[in-house]
Amino acid sequence: MTQEPEPKPKLSIEEQITDIVLKTIKTGGIAGGGIGAVWQLFIVSDIPKAIASAVIGAGISYGAALLQPIHEGNKKRSKDLGESLNQGIEQLGENVTASWRSLGFTEKYLKCQEWDCHEDNVVGMREEDDLPVNSPLLREVFVPLELSADSLTRDYEFRDRTEACEQLQIWQLLERVREDNRLRQIAIRAWGGYGKSTLLKHLAYIYSRQEYCKGSYKKYKVPTLIPFLLILGGCWKEITKENPPNLPELLTDYHIGRLTKIKPLDPVPNNWALNILRRGDALVMFDGFDEVPPAERAKLSNWLSDEMRQYPESVFILTSRPTAYTEDYIAKRPTASFWIQDFNPEQRKQFVEQWYLCQERYARGGRNTPDVEAKAKEKAQKLLEQIDARPELKDLAGNALLLNMMARFHRDNKQGAELPQRKVELYQGICELQLGRRASARGVFLVLNSINQRQEVLQFVALEMMCGGTKSFVEQDLSIILEDFEKEGFKQIPKDELLDYIKTALQKIDPDVSAQEFLKQSEDVSELLVKKDGYTHDVYQFAHLSFQEFLAACELVWLREEGEKLLYKCLSISAWQDVILFYGAMVNPTKLIQEALNQKHNDLAYLIYKQFEKRLNLSIPDQKALEKVKRSVTKSRYLKLEENLKSKKWYEADQETQRLLITSVGKDLGQLFSDKDLKEFPCDELLAINHLWIEYSNGLYGFSVQKDIYVECGGILDFSLPSSETWDKFCDRVAWKNEGKWVEYDKAFLAKNNLMCVKGYLPMSGKDGRRGDGDFFARIAACEQ
């Protein structure tokens, strides 16, 4: 006979209150979803009955007195309850302290690393109860990013041909490190706002919480690793000084030293970081190679390469914007390279729905009931419908940061206001929100009289930072600008210099306003300027580099001729490209395009032109200007290809073709074409490239030549994947394969092999950036109709 357990003794009212508070604090306190949990604990206890009895007996409510005795008529009872609660909290504090002390050093480190990266800090917005927009935690809104392999890396194929276009997630790569050592060193590239930093924060967070072996992550079977997230923008000076630390020293002294500001840690055990690295248990993430000043990148790349080679069993990930990595990472590069892909429709939907659910839940005290979910889904759907209905917004929504900004703009503007048409207008809308409407919602009085005046100050600061603090309009002083820019960079600025710039800007607007007060409000209220951690002195930067670039472009427009003159001097600086594009979006850019062509910056001229071409509702004069500049841009764009073809430099011509094709769809060398890219490839560009190949090879080479051979081999021009038999037959016909194996392709091969007798051999640029698989043939067939 089973014996029933002895019933537990009933807790007193005081004990029940203490128990609820302790449970609440143990689960993270009353924040976010905690309110709902507290209420559930409350209503199932005997406390409501006790309160009701007290209310009936006294004729008034003493609910507030439970936490702080304030009512004289029930002072004794409230005091007893308050003391019971206080004792419970003190006991909890002692238990938490004892629990923390009982953890080993590694466990304490992981907690600090977790706390350092658990927030989704975007556009400088923090959670505020009285604002229409709150900042969710990273785990609440994170959407897995899709990665594609670098098509220029030898043996880059991590899947066979039928799977080559399937996108990879970072967890799939980590799962394979045991079998593929190349994946122990990974470079991840993307332009600003695509989520490079967010991806690394996500990895650090999941590994710190040891969730990599639980839930949805369990299926990947990734190795057990200890994460170290290093922001290069904050530690480059340590690495590039005369006697730099090695990696274990950097992790021990700099990284852990920075984390101790979150919560003090015990002294680091001897050789703790070194042993983790040697065992291959470390996941070291270096975020933002592009955030390092250009003059220091070569030295930094050598240090990174040397340290990664020292610990071949550990895993390293480096992120960067493309140009900085391509031009300035001169050392041996990581052995695997990937790109972050645009958000696809499903990712876009997932992010917007998760984001709106967080907003609605926070707005209702953490309640996560069906009605809240329904309201969130309704609002998310309105935003998604607006994006889907407007092609210009679809293009922007592929960027994670811009999609986040769209969501914030949409929620802040009631009744589902129309989103801005262009990227530059979206940035302006967010600036107005941060510099005006945000403060109004909080009832905060801001210095200066208008949004425009506040923005003018930040514009001045942004341009000074882009110029390294030496803004000059005299030609002979250009070298000073570039020298300071190269040495010191442009993203971070010491507090004293920042205050000087703010004071200078305020002198022109309102000299009575304190620069210190303006900075404080820019940091605490508008949050467009943020203080960076990890420095021995106060260092600031804009909430995101793209805001600095946008505001600098606004200042250049405001300066008129002086701004234009300065901009022309900086066309050769790769880090200024986004400033130039923002500027081109604010003005009629025909003069800027012509100047770029005059300086032989043909690719930049092309980017500005394509941006101009996408503008909606162009005026008649603008349309005429666009048509006039088109001829010049087109001629310059194909000049190098035509010269190579004329000189029979077939390898160089094929490489240039590859570059032209990928940049035609707004991507960089090494990225892959998507199905959408191929189906919507600009016909005028594809036909122009094809025409040059046919003309200078006397009909031997060209996409249309390859298309005819492909059809003869059984290929169907419908963008479908050909059968293996059809594809192998085609590859044999054009000499891409020999007896079923790919033929080596490089400059030396073309020099020693006479392939002028093989019809259709070139160009080899296709879907994977090197060889086609029928898609270009289908597209050119459609364009020829």
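Q: Start with Leu-529: what is its bridge partner in strand 9?
A: This is a predicted model, and in it Leu-529 has Phe-542 of strand 9 as its bridge partner.

Q: And how many bridges join strand 8 to strand 9?
A: Four bridges join them, and strand 8 and strand 9, the latter covering residues 539–542, run antiparallel.

Q: In what order do the three strands of that sheet come?
A: The order is 7-9-8, in an open sheet whose pairing is antiparallel. Strand 7 (493–494) and strand 8 (529–532) are at the edges with a single partner strand each, so one side of each has no neighbour in the sheet.

Q: Which helix lies across those strands?
A: Helix 19, residues 451–466, lies across strand 7, strand 8 and strand 9, and runs at about 105 degrees to strand 9.

Q: Switching to helix 5 and helix 10, how do their axes cross?
A: The axes of helix 5 (residues 105–116) and helix 10 (residues 247–259) come within 9 Å of each other and cross at roughly 65 degrees, which means that helix 5 is roughly perpendicular to helix 10.

Q: Left-handed or right-handed?
A: The crossing in which helix 5 passes helix 10 is left-handed.

Q: Which residues make the contact?
A: Helix 5 contributes Phe-105, Tyr-109, Cys-112, Gln-113 and Asp-116, while helix 10 contributes His-255, Ile-256, Arg-258 and Leu-259.

Q: How do those divide into nonpolar, polar and charged?
A: In the contact of helix 5 with helix 10, five residues are nonpolar, two are polar and two are charged.

Conventions:
Residues numbered from 1 in each chain as written. Predicted model: local features only at pLDDT ≥ 70, side-chain atom pairs only at ≥ 80, totals over all residues. Heavy atoms only, no water. Pairing = 2+ DSSP bridges. Helix = DSSP H or I, 4+ residues; strand = E, 2+ residues; numbered from the N terminus. Contact = heavy atoms within 4.5 Å. Axes fitted to C-alpha atoms, helices over the stretch in contact; angles between N-to-C directions. Parallel < 35°, antiparallel > 145°, perpendicular 65-115°, else oblique. Left-handed = near helix turned anticlockwise from the far one by under 90°. Nonpolar A, V, L, I, M, F, W, Y, C, P; charged D, E, K, R; others polar.
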